Amino acid sequence: VSVTNGPLSPYPYANVYLLDHNGSYISQTYVDDTGAYSFGAVPIGTYYAYVAGNDFFSQLYNLQDCLSSCASQLDSGTPLTISANGQQVEADFVVKPYPSLTGHVSDAPSGTPLPNVVVVLTMSPNSGNYLATSTTDASGNYVVPAIAPGTYYVWAQSPDHVDQIYDGITCELPGDNYYYTSPKCDVSTATPITASYEGLSPSIVNFALQPSSSVAGHVIERAGPGSDLIPLGIVVTLFDGTDAAIAAAAVDASGNYQLTDLASGTYYAVATSSYSSEQYLSQMWQNTDCANTCAPTTGTSITVQPSTSVTGIDFQLTRVNGIVGRIVDSSGVPIRGAVIDMFNVSDHSYAGGAGADALGYFAVSTTGGGSYFVATEAGGGYVDQVFSGISCPNGSAYDGKCSLSGATAINMGNNGTQPHVVDFTLQIADRLFANGFE
């Protein structure tokens with residue numbers, strides 16, 4: 001089995017089928033990497049043979065290409081006759097490859113080639129499943145080989161330019177370059193390409209892509225003015241005007257996120273919690289909390305211009321399963337590293353704790369509802385406290401040196417819409433030497 005383009009060369013990994021004179025299946029064998037194949041012992045009789053594969057037109061012996069099923073076109077083939085035992089019959093095939101699509105992808109403003117753009121063929125403009133792909137090389141060129149007869153639509157997908165469907169319709173596709181959901185914009189007027197026995201029309205499809213835009217911001221936890229607490233497990237999702245999700249990004253350890261590879265348009269952003277252990281109210285930008293489900297388009301719209309970076313799409317989230325606050329000394333200086341302890345109101349048992357950060361802010365998670373007393377464990381010469389305002393000159397409640405009697409209980413609820421804020425201002429333990437004189 002050989003291929004017709006250029007000098008004849010082997011065409012391996014095809015299947016050759018043998019049928020009897022009635023068209024009934026007899027046997028099948030594979031073509032090896034030299035283009036050769038063979039069947040074992042075949043009884044005396046009359047047979048038909050054809051070859052089929054994934055990247056060429058099927059062919060009946062003798063050199064009759066099949067535009068549909070070869071098994072249904074045996075009358076146009078040449079029979080092979082075995083008239084005596086030990087007889088060997090040769091049946092060669094010279095197949096015609098399916099047509100291929102080539103093209104070039106460039107940056108629209110500069111004209112420079114774009115490497116690593118994935119070119120995808122689909123059966124319909126709104127299809128979410130690709131049939132064939134190719135990736136542009138360093139020169140921005142691509143080849144999609146062996147396209148079976150049919151009608152197709154061609155997409156160019158780039159990680160930093162707005163995706164485009166031929167001919168010239170921009171539409172950023174959600175998802176990655178190898179599988180994506182249906183497009184969220186109207187691509188019904190896209191131009192198809194047609195592959196047939198005569199070839200591919202058009203056989204060259206070029207793209208000029210516009211650089212994409214981005215949306216970025218910062219997310220903090222509400223714990224009082226100036227809070228620098230970074231909530232854990234937060235995802236910011238961008239929606240279009242139909243409440244369809246367009247893109248999503250996780251908030252990093254510094255509280256930052258960036259949604260990239262966006263087409264220009266009007267969007268809405270929602271921040272949600274993805275950790276069951278750290279629960280926050282969802283929030284629509286700009287600072288609209290959602291006690292239940294957010295309706296994105298009721299939030300503040302974000303206008304994204306072509307090839308721009310929109311920043312400042314920030315969120316301040318309310319923790320619903322914890323206590324937050326700040327601990328400072330009497331001069332307002334943060335007490336970094338001070339520990340905040342929680343105790344169950346019911347039996348005064350220890351319920352958890354957390355340390356204050358460089359600005360004195362803290363967050364202590366709870367496992368659900370319940371009521372808690374909160375106390376400090378500052379050390380370093382500070383007089384600890386039990387909330388609210390109960391001084392502990394002899395030591396901390398955690399060490400059993402300060403009574404929880406008269407403490408203010410913090411009642412946790414799963415339907416709260418405000419953060420449970422507990423602040424402490426601690427005095428220096430020895431006031432005689434507080435000014436530094438001896």
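Predicted model: local features only at pLDDT ≥ 70, side-chain atom pairs only at ≥ 80, totals over all residues.
Cys402 is buried, with a relative accessible area of 13%. The partner of Cys402 is Cys392, and their disulfide has an S to S distance of 2.0 Å. About its S-S bond the torsion is about -65 degrees, so the link between Cys392 and Cys402 is left-handed. If you trace the chain between the two cysteines, you find Cys392 in strand E36 (residues 390-392) and Cys402 in the loop between E36 and strand E37 (410-412), so that the pair links parts of the chain 10 residues apart. Cys392 has a relative accessibility of 3%, so it also counts as buried.

How many disulfides are there in total? The count comes to 4. When the bonded cysteines are counted along the protein chain, their pattern is 1-2, 3-4, 5-6, 7-8. Let us look at two others in turn.

Cys171 and Cys185 form one of them, with their sulfur atoms 1.8 Å apart. Which hand does this disulfide have? The torsion about the S-S bond of Cys171 and Cys185 is about 130 degrees, so it is right-handed. Both cysteines lie in the loop between strand E16 (169-170) and strand E17 (193-196), so the bond ties together parts that are 14 residues apart in sequence.

Next comes the disulfide of Cys290 and Cys294, whose sulfur atoms are 2.0 Å apart. This link is right-handed, with 110 degrees about the S-S bond. Here both cysteines, Cys290 and Cys294, are buried.

Now turn to a sheet. It is an open sheet of 3 strands, in the order E13-E10-E19, and the pairing is mixed. Strand E13 (141-144) and strand E19 (207-209) stand at the edges with a single partner strand each, so one side of each has no neighbour in the sheet. From one strand to the next, the twist averages 25 degrees. With E13, strand E10 pairs in the antiparallel sense over 4 bridges. To find your way on screen, look for Val105, whose bridge partner in E19 is Phe207, and for Gly103, which stands opposite Tyr142 in E13. How is E10 placed relative to the rest of the structure? Of its 7 residues, 5 are buried, so E10 is largely enclosed by the rest of the structure.

Ser214 lies in strand E20 (residues 213-221). Is Ser214 buried or exposed? Its relative accessible area is 7%, so it counts as buried. Which residues does Ser214 touch? Leaving aside residues up to four places away in sequence, Ser214 touches Gln258, Leu259, Thr260, Leu262, Thr308, Ser309 and Val310.

Finally, a few spots in the backbone are worth a visit. Most residues other than glycine have a negative phi, and most peptide bonds are trans. With that in mind, Leu63 stands out with a positive phi near 60 degrees, as a residue other than glycine. Leu63 lies in the loop between strand E6 (59-60) and strand E7 (64-65), and its relative accessible area of 44% makes it partly exposed. Asp243 is not a glycine either, yet its phi is positive, at about 65 degrees. You will find Asp243 in the loop between strand E21 (234-239) and strand E22 (245-250), where it counts as partly exposed at 34% relative accessibility.

Another cis bond runs from Trp285 to Gln286, with omega near 25 degrees. Gln286 has its place in the loop between strand E25 (282-284) and strand E26 (288-290).

Notes:
Residues numbered from 1 in each chain as written. Heavy atoms only, no water. Buried < 20%, exposed > 50% of the residue type's maximum accessible area, 1.4 Å probe, protein only. Contact = heavy atoms within 4.5 Å. Pairing = 2+ DSSP bridges. Axes fitted to C-alpha atoms, helices over the stretch in contact; angles between N-to-C directions. Disulfide = S-S within 2.5 Å.
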